[in-house]
Amino acid sequence: MLNLHYAKGTVSIAVAIALEETGLAYTPVKVDFATADQTKPAFLKLNPKGRVPVLVTEQGQALTETGALLDYIAALTPELGLMPTNPEDAAHLRGVMYYLASTMHVAHAHKMRGSRWADQDSSIEDMKKKTPETMAACAAYVQSDCLRGDFVMGDSFSIADPYLFIVCNWLAGDGVPLADFPRIDAFMARMEARDSVKAIRAKGML
Ligand SMILES: N[C@@H](CCC(=O)N[C@@H](CS)C(=O)NCC(=O)O)C(=O)O
């Protein structure tokens, strides 16, 4: 059985949605950010980075990094075709995931986690104020270059879609109206209609 260490609404939920899509059995293990569980020794032993998600495999290995976990889940279930076999298509999919990890997620983190990068209140305030602008720029790129069609890979659902869904789920709270990005808006509605997302909502993870 896989154990997924998660916090509600965070990027870790992309992994939960992917697990629901595959039907792989997993146990969700809640990490309570309200009590800063992610900073405590028991969790840091599992992930010294102090972040979710962590996926503990049946062999007892603690895997981290959302994109790597999604890749791993696709590799466990090759029959579902969640990762394209064509190298160029696979590079597009991974390019989207790397963009989300290195740019869009980081832009989002400037709103609430500015103390990672600065100490002065004025610097942290500045980063917070800039978030709607940087997230809107990310959304524009997602709409024009990441979504090849209904999904990241065009017609077919892939492992990148739950990742994109969760990161775009932060847009409204970051001051970016989804109505400004109709292709993302339609993608979000398509994702909400999937049984995997409904299951995650029913479990109170989103
Ligand atoms: N690059 C990592 C980032 C993980 C990450 O930053 N997770 C956030 C939640 S969205 C977290 O655990 N934050 C806890 C903290 O900053 O204390 C990944 O994609 O898995």
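Q: Leaving aside neighbours within four places in sequence, which residues is T131 in contact with?
A: In this predicted model, T131 sits in helix α5, residues 121–146. Beyond its neighbours within four places in sequence, T131 is in contact with A107, H108, H110, K111 and D174.

Q: Does T131 count as buried or exposed?
A: A residue is buried when its relative accessible area is under 20%. T131 has 1% relative accessibility, so T131 counts as buried.

Q: Which residue's side chain makes a polar contact with the side chain of E192?
A: E192 lies in helix α7, residues 182–192. Leaving aside neighbours within four places in sequence, E192 is in contact with F165, V197, K198 and R201. At 2.7 Å, the side chain in polar contact with that of E192 belongs to R201.

Q: What area is buried between domain 1 and domain 2?
A: Domain 1 covers 2–80 and domain 2 covers 87–194. Contacts link 17 residues of domain 1 with 13 residues of domain 2. Carbon and sulfur atoms give 66% of the area buried between the domains, which is about 1,200 Å².

Q: Which residue meets R194 in a salt bridge?
A: Two salt bridges are counted between domain 1 and domain 2. At 2.7 Å from N to O, the side chain of R194 meets in a salt bridge that of E21.

Q: Which element gives the most residues to the side of domain 1 that touches domain 2?
A: α1 (12–22) and α3 (66–76) each supply at least two residues of that side. With six residues, the element that gives the most is α3.

Conventions:
Residues numbered from 1 in each chain as written. Predicted model: local features only at pLDDT ≥ 70, side-chain atom pairs only at ≥ 80, totals over all residues. Heavy atoms only, no water. Helix = DSSP H or I, 4+ residues; strand = E, 2+ residues; numbered from the N terminus. Buried < 20%, exposed > 50% of the residue type's maximum accessible area, 1.4 Å probe, protein only. Contact = heavy atoms within 4.5 Å. Polar contact = N/O pair within 3.5 Å; in protein donor to acceptor, adjacent residues only side chain to side chain. Domains from an automatic or database assignment. Buried area = accessible area lost by both parts, 1.4 Å probe. Salt bridge = Lys/Arg side-chain N within 4 Å of Asp/Glu carboxyl O.
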